[in-house]
Number of protein chains: 2
Amino acid sequence: MSRAYVHGYDERESVRLQDQASSVLELLHADTRYPPGSAVLEAGCGTGAQTVTLARNNPEVRFTSIDISAASLAEAKARVQAAGLTNVTFRQQDVFKLPSESFDHVFVCFLLEHLARPLEALRALKAVLKPGGTITVFEGDHGSTYFHPDNALAHRAVQCLVDLQKQAGGNANIGRQLYPLLREAGYGAVRVSPRMVYVDASKPKLVDSFTRKTFAAMIDGVREPAIQAGMMSAADFDAGIRALHRAAEDDGVFCYTFFKGVALRETKS
Amino acid sequence: MSRAYVHGYDERESVRLQDQASSVLELLHADTRYPPGSAVLEAGCGTGAQTVTLARNNPEVRFTSIDISAASLAEAKARVQAAGLTNVTFRQQDVFKLPSESFDHVFVCFLLEHLARPLEALRALKAVLKPGGTITVFEGDHGSTYFHPDNALAHRAVQCLVDLQKQAGGNANIGRQLYPLLREAGYGAVRVSPRMVYVDASKPKLVDSFTRKTFAAMIDGVREPAIQAGMMSAADFDAGIRALHRAAEDDGVFCYTFFKGVALRETKS
């Protein structure tokens, strides 16, 4: 475990997934495995989208999945139950107010992007991590988005989400920062591995599930606040969304990169 | 060979390289292998930067490396001789005026980005490729560039190169287009694999060789024409270059993506 885990099999397997993954969940999580018997904290589980994959891939691991939102937790609980999984305990908890518990490992996915103080969150998580344990962090980076045919309005529509998230105190381009953040938070053996999602028509399932139904839908989700804030006109925003869907056609290409960071709470710290 | 080659070992190996490659040449070419005895055309060999790696990795393959520039060819010849390689024949030749010869495979690296008619070039190369043979194409994509700390002037300096290359008839963002280009040129079994270069301080060799000495140096290379064309002021351009070097510091991160396309000249075409 520990160093061997951080640098070993995990890494080698991870990159192999890139061309093979048929879904983004698979691309991100298929190589996140913990030793049987471990106690793992999932901080910011939201509605449990990752929890189900994690718990299913690691049936002999006990997960404690926390979130600040009771509504999200209820949804997560229902999902995990529907999947027939019994190795997850849910708790309503603030990542900045964790009780003094020790976990073997910590898992965080799409949480830091929403926090005004991501560094403090990483430090708080280190405090509940046993020495020798790992933290695994996944974040996207909207600044990694490009596509063919290129289109300026589509880039501006993406930027609306980045700007709105910034106004809310978050950072939609945080993926590229995992390495310096984990280092500054005092973790050791920091290793960041990009997970680029490259989508062309040879992967029709991914075109539909990612380009259209995940990415374009997510950007379209900020249509109203972006227009109300005067960031773009309705006509321009809609043209931007159409251009994202254009990249999902037969001669289109769409690129986005997630980042996975794995680091160690070292014994001497 | 053929389909098995296109979809088999080649792919699986390629993604494994991502985290392991200590140099970009290794990342790009380590999995480009041809069966012993093949005759391979390298179109647009330039000064032979790829030729040496290719010929060394495929000692039993006969390469015919062509370029339109006599000066580049002389340099390529000297490089290949200095490396003690004897399996390369050089010829001064225009990719649009190829003699009616048949090659088992075709290899192209960083050529299409400079051509006003990349599609025609791909068709011309198909005409000298034996049915069942593969074409391998590598191109970068400057629109895939991002870094931490982010900096608007650095992005503008990169855009100067993109705009200058466009004025010269080329396309510095062509990497993302390999899939539609190869399909439109009539190739079959098109498979594109991104080669993302992710650089943080855990890879000091790559920070120096790629972020500083390849990428920042390349952008700095258009300083004079960019300033003369009024694209940026000298002060702004220099601040942009400094920001690229800033991304090479200990808490910096730099990302760039190359694309490798492999496709087949199908028997029925």
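**Helix packing and buried residues in the predicted complex**

In chain B of this predicted model, the axes of helix H7 (residues 152–167) and helix H9 (residues 204–220) come within 9 Å and cross at roughly 70°; axes are lines fitted to C-alpha atoms, for helices over the stretch in contact, and angles run from 0 to 180 degrees between N-to-C directions. H7(B) and H9(B) are therefore roughly perpendicular to each other, on a scale where angles under 35 degrees count as roughly parallel, over 145 as roughly antiparallel, 65 to 115 as roughly perpendicular and the rest as oblique. The contact, defined by heavy atoms within 4.5 Å, is made by Ala157(B), Val158(B) and Leu161(B) on the side of H7(B) and by Phe215(B), Met218(B) and Ile219(B) on the side of H9(B). Helices (H or I, at least four residues) and strands (E, at least two) are DSSP runs, numbered from the N terminus.

Residues are numbered from 1 along each chain as its sequence is written, and chains are lettered from A and ligands numbered from 1 in the order in which they are written. Local features need pLDDT of at least 70 and side-chain atom pairs count only at pLDDT 80 or more, whereas totals for chains, interfaces and linings use all residues, and side-chain values use heavy atoms, with hydrogens and water left out.

Elsewhere in chain B, Ile241(B) lies in helix H11 (residues 234–246) and, at 8% relative accessibility, counts as buried, a term that means under 20% relative accessible area, with exposed over 50% and partly exposed in between (1.4 Å probe, protein chains only). Beyond its neighbours within four places in sequence, Ile241(B) is in contact with Ala216(B), Ile219(B) and Asp220(B); the C-alpha atoms of Ile241(B) and Asp220(B), 21 residues apart along the chain, are separated by 6.6 Å. In helix H4 (residues 49–57) of chain B, the buried residues include Gln50(B), Val52(B) and Leu54(B), and among the elements that cover the buried residues of H4(B) are helix H5 (70–82) and strand S3 (88–92) of chain B.

In chain A, His142(A) is placed in strand S5 (residues 129–148) and counts as buried at 7% relative accessibility. Not counting residues up to four places away in sequence, His142(A) touches Val158(A), Leu161(A), Val162(A), Ala172(A), Asn173(A), Met218(A) and Tyr256(A).

As to confidence, the predictor gives the complex an ipTM of 0.90 and a pTM of 0.90. The mean pLDDT (the predictor's confidence in each residue, from 0 to 100) of chain A is 90, but pLDDT stays under 50 over residues 1–21 of chain A. Where pLDDT is low, the predicted coordinates should not be read in detail.
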